[in-house]
Protein chains: 2
Amino acid sequence: MKLIDGKKISEQLLGEIKLSVENRLKNNLKIPHLAAILVGDDGASKTYVNSKIKACKSVGFKSSLYSYKVSISEIELISQIKKVNEDKDIDGFIVQLPLPGHIDQDKILNEVDPYKDVDGFHPNNYGKMTLGVDTFLPATPAGIIELIKRTKIKTEGKKCLVIGRSQIVGRPISILLSQNKTFGNSTVTVAHSRSVDLKKLCLESDIIISAIGIPEFIKGDMIKEGSSIIDVGITRVKDHTSSKGYKIVGDVDLKSVSSKAGFVTPVPGGVGPMTISMLLKNTLRACEIAD
Amino acid sequence: MKLIDGKKISEQLLGEIKLSVENRLKNNLKIPHLAAILVGDDGASKTYVNSKIKACKSVGFKSSLYSYKVSISEIELISQIKKVNEDKDIDGFIVQLPLPGHIDQDKILNEVDPYKDVDGFHPNNYGKMTLGVDTFLPATPAGIIELIKRTKIKTEGKKCLVIGRSQIVGRPISILLSQNKTFGNSTVTVAHSRSVDLKKLCLESDIIISAIGIPEFIKGDMIKEGSSIIDVGITRVKDHTSSKGYKIVGDVDLKSVSSKAGFVTPVPGGVGPMTISMLLKNTLRACEIAD
């Protein structure tokens, strides 16, 4: 088994993005500017947004944070989004999810200017992705594709199992991997909570993308010899030996699969670090398109 | 083997639509109005458009045909589409495909007002479909779902193989059948030209949706006992016994599968007749939304 070092690949990507920014500076071109819209005080959301802003700084992007109280009305939030849409200095922005219960998430994501929708969640961009038209891809599937590309895992004609059908991971990666593209052309199966005999499906697969959220669910006796496993699961489990009191565990039981798997992404340090760099790559692209 | 009578189910649907139109008339509501945009003189395209217009008449819809010379420029076609977008009497319209080579099809479909896009090909509607949001579904996959629903074929937890990944059939039906909906929840695999061992994939499937376009490709030894097969293949093959000189043949070798299959859609008379009725259903819906 070979571990795919997502942290290292993400750093390579960030280095490439930084170089692009430096080249833009030399050529008197605009510096990419990412904005984040944050509603409420959720600790995890704050952490995510802060790491995005930190990453912006590391590559030389401009960044802005728009924070609103949890009590903001839907109408007011929409009017704030319209302002960001119209702000010519902002190339791309994200609305940090989840939003408070009184706000209709679909309605809000619909308001984001598709040309600034660097999260790729606007129906127009999601539709283009499904149609195979070049557009902003959601960060997690885009990160998985980048890992597959840079690790040179062959996808064409391979049997690929995607476990999970979420809007942010399972659905988009299943579509992308089956498209007629260099990183695609896999025979993709989407499994989910209603699927029967997941073990058999796993055993038949050359590539497994797991986004099921059950700690160490995938064991050695469930996988095919030499298969590649992309672990998108992130679950906090209690850990008294850690100062935080918990540790982050993926869907894959690394020890158990180690003697059979080909490539595996560890958790943490696999898919996770890729998402922010793909978001920045989308922002750079939005900036380039606007040139 | 039981044949699914698409012609009969389509007539039921048309009857239901006709009734809705009569009820609208009684309630002094607007009559649904479908427009078709036709470019050039392609015989097949003319036939398709004419049958759509004929179907409109049969249910009491208003219809309009906008015909343009094959030499129409992209800019001129876009300006014509904008006029139809703005025409308040028109509830929905279709741009008959394919378009001449000098016109960018994606660009044209992007110009259709998503609220009048009864073909469901605008990226915004296609994205909503992929996201599981209620919207206009493309006619062929919508017709397949209607056949499955009205035949009461169980989909939940079933293994479903979609052969073909086209924008109009394979991709959308694969997404819809795997969504968490009453007609969905299948474990769906998408196979295509790069897939390996199609026979094995077929043999493992409870439901096969075939849109491969190879006459009588699916034989009895390729299918599982009791499986349901939806045949979307339409190929013209020479037939000297027919006055037309050809006959229409599907992907399924009916004779060969007859002793093993559960439900099968014949060609012609299966999926084909459903597409026009689903287009009219979308138009009725567009009219109801605009009320």
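Reply: Gladly, and we can start with a pair of strands: β2 (residues 33-39) of chain A and β3(A) pair in the parallel sense over seven bridges. This is a predicted model, where local features need pLDDT of at least 70 and side-chain atom pairs count only at pLDDT 80 or more, while totals for chains, interfaces and linings use all residues. Residues are numbered from 1 along each chain as its sequence is written, and chains are lettered from A and ligands numbered from 1 in the order in which they are written.

Me: What makes β2 and β3 of chain A a pair?
Reply: Two strands pair if DSSP finds at least two bridges between them, and β2(A) and β3(A) have seven. Within β3(A), A:Tyr66 stands opposite A:Ile37. The names come from DSSP runs numbered from the N terminus: helices are H or I with at least four residues, strands E with at least two.

Me: Which sheet holds these strands, and why do β3 and β4 of chain A stand at the edges?
Reply: The sheet is open, with three strands in the order β3-β2-β4 (chain A) and parallel pairing. β3 (62-68) and β4 (92-95) of chain A each have a single partner strand, so one side of each is left without a neighbour in the sheet.

Me: Why are α1 and α6 of chain A called roughly perpendicular?
Reply: The axes of α1 (residues 6-26) and α6 (residues 139-150) of chain A cross at roughly 95 degrees and come within 11 Å. Axes are lines fitted to C-alpha atoms, for helices over the stretch in contact, and angles run from 0 to 180 degrees between N-to-C directions. Angles under 35 degrees count as roughly parallel, over 145 as roughly antiparallel, 65 to 115 as roughly perpendicular and the rest as oblique. That makes α1(A) roughly perpendicular to α6(A). Where they meet, A:Gly6, A:Ile9 and A:Leu13 in α1(A) face A:Glu146, A:Leu147 and A:Arg150 in α6(A).

Me: How do you know that A:Val271 is buried?
Reply: A residue is buried if 20 or more other C-beta atoms (placed from the backbone) lie within 10 Å of its own, exposed if 12 or fewer, and partly exposed in between. A:Val271 has 29 C-beta neighbours inside 10 Å, so A:Val271 counts as buried. You can find A:Val271 in the loop between β11 (263-264) and α10 (272-290) of chain A.

Me: What is A:Val271 in contact with?
Reply: Contact requires C-beta atoms, placed from the backbone, within 7 Å. Leaving aside neighbours within four places in sequence, the contacts of A:Val271 include A:Gly6, A:Leu147 and A:Ile230.

Me: What makes α5 of chain B mostly covered?
Reply: Nine of the nine residues of α5 (residues 123-131) of chain B are buried. They pack against α5 (123-131) and α7 (170-178) of chain A together with α4 (105-111) and α7 (170-178) of chain B. Just after α5(B), B:Gly132 takes a positive phi of about 80 degrees.

Me: How many residues of chain B are in contact with chain A, and what does α5(B) give?
Reply: 26 residues of chain B are in contact with 26 residues of chain A. α5(B) gives the most to the side of chain B that touches chain A, with eight residues.

Me: In which sense do β6(A) and β6(B) pair?
Reply: β6 (residues 187-191) of chain A and β6(B) pair in the antiparallel sense over three bridges. A:Val190 has B:Val188 in β6(B) as its bridge partner.

Methods
Two residues are in contact if their C-beta atoms, placed from the backbone, lie within 7 Å.
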